[in-house]
Amino acid sequence: MAKRETPSGGPPLDSLVGEAVHWDQAMSYGQYLNLESLLACQQPQSGEHDEMLFIVIHQVSELWLKQCLHEAHAAAAHIAEDRLQPAFKMLSRVARIQEQMIKAWEVLVTLTPADYVSFRDSLGQSSGLQSYQYRELEFLLGNKNAAMVEVHRGHPRHYERLTEVLEAPSLYDLCLQLLARRGFEIPADLLARDWSQPYQGSAEVERAWAEVYRHTDEHWELYELAEKLVDTEYNFHKWRFSHMKTVERIIGGKRGTGGTSGVAYLTKVLNLRFFPELWSVRTAM
Ligand code: HEM
Ligand SMILES: N[C@@H](CC(=O)c1ccccc1NC=O)C(=O)O
């Protein structure tokens, strides 16, 4: 292999190991990553030591949500065009990102109830309910709830974006259309409907997935799609559960800053499904 030269045409990189290097080039690491802006985004309000962790963990989660949306929207577009292989690659990546997001709770549990109350008042009425990226991902996967858009009335850009995704077919709706294109009997009212309404499960769809699982040799691609969706929902559920338990550990039975009952609310939304028949089919097998 040819020795790599430095971009400026200086000595080979190998000889520079261990030495300070001053690149004479237009684009630096910090410029490319916009680090000055990124690292200026952590602005604790309270002066309490532990608020920094709270901010960083939320910002890291929002960055991962951004990447999940990037992958899941692209996966949906591929599924709509019958290109399942690239969609699989993207959904696998979403599942790996979700694992990172789940792991992050292990850092946050080092925050004690006393640490948290030391700066909780600085949060005012802000709350995770206002995470528009989280809501967009829920809508995109298939958990539609028009009422959750209202939280964003005061931010026209977020409101419009969420309304757009609410009113578009979810990833699961697109999968049902795919099943229909592949010859499965899917009721017409599931193939064209008011997409903003929550999806109600259907016996025909469950039968279609049962056929896929029983005869994988004839439906390898659809089987793989089903399992990728199950991985995503499984991880989503784990994230919600860990959030709920972490919240219980930190604030106990206190009400949420967003105005909900707190842990009781998080317990209620825990079991909302994206792909209901992919779970019910297991009983039907
Ligand atoms: C000390 C840590 C945390 C506490 C005490 C906490 C507490 C809560 C509570 C009580 C709610 C219910 C809404 C309300 O009334 O406020 C909620 C919702 C939410 N939180 Fe957290 N949370 C914490 C950390 C996080 C983190 C790290 C994230 C990551 C992004 C997050 C994202 C969300 C989201 C997306 C919701 C809306 C859930 C839904 O509507 O399904 N939270 N949180
Ligand atoms: N709802 C939380 C506050 C909270 O969690 C929060 C507040 C501001 C920014 C992000 C938050 N995290 C997720 O819910 C509470 O009741 O303490």
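A: A helix axis here is a line fitted to C-alpha atoms over the stretch in contact, and the angle between two axes runs from 0 to 180 degrees between their N-to-C directions. Helices are DSSP runs (H or I, at least four residues; strands are E, at least two), numbered from the N terminus. This is a predicted model, in which local features need pLDDT of at least 70 and side-chain atom pairs count only at pLDDT 80 or more, while totals for chains, interfaces and linings use all residues. Residues are numbered from 1 along each chain as its sequence is written, and chains are lettered from A and ligands numbered from 1 in the order in which they are written.

Let's pick helix α11 and look at what packs around it. For orientation, the protein chain has 14 helices and zero strands, and its C-alpha trace spans about 65 × 60 × 35 Å along its principal axes.

Start with α14, which covers residues 276-284. The axes of α11 and α14 are 9 Å apart and meet at an angle of about 65 degrees. The two are therefore roughly perpendicular (65 to 115 degrees; under 35 is roughly parallel, over 145 roughly antiparallel and the rest oblique). Their crossing is right-handed (the near helix is turned clockwise from the far one by less than a right angle; anticlockwise makes it left-handed). On the α11 side, the contact uses Val 205, Glu 206, Trp 209, Ala 210 and Tyr 213, and on the α14 side Glu 277, Leu 278, Ser 280, Val 281 and Ala 284. Being in contact is a matter of C-beta atoms, placed from the backbone, lying within 7 Å. By class, this contact has seven nonpolar, one polar and two charged residues (Ala, Val, Leu, Ile, Met, Phe, Trp, Tyr, Cys and Pro are nonpolar; Asp, Glu, Lys and Arg are charged; the others, Gly among them, are polar).

An α-helix has 3.6 residues a turn, so residues three or four places apart point the same way.

Now turn to the partner α12. Helices α11 and α12 pack with their axes 9 Å apart, at about 115 degrees, and are therefore roughly perpendicular as well. Here α11 passes α12 in a left-handed crossing. Trp 209, Val 212 and Tyr 213 of α11 make this contact with Leu 222, Tyr 223 and Ala 226 of α12. This contact has six nonpolar residues, with no polar and no charged ones.

Eight of the 11 residues of α9 (171-181) are buried, so α9 is largely enclosed by the rest of the structure. Buried means that 20 or more other C-beta atoms lie within 10 Å of a residue's own (12 or fewer is exposed, in between is partly exposed; C-beta atoms are placed from the backbone). The buried residues are Leu 171, Tyr 172, Asp 173, Leu 174, Cys 175, Leu 176, Leu 178 and Leu 179. What covers them includes α11 (203-214) and α12 (220-251), along with α3, α7 and α10. After α9 comes Gly 183, with a positive phi near 95 degrees. For the protein chain, 23% of its 285 residues count as buried.

One of those covering helices, α7, has a partner too. The axes of α7 (132-141) and α8 (156-167) come within 9 Å and cross at roughly 10 degrees, so α7 and α8 are roughly parallel. The crossing of α7 past α8 is left-handed.

Definitions and conventions: Contact = placed C-beta atoms within 7 Å.
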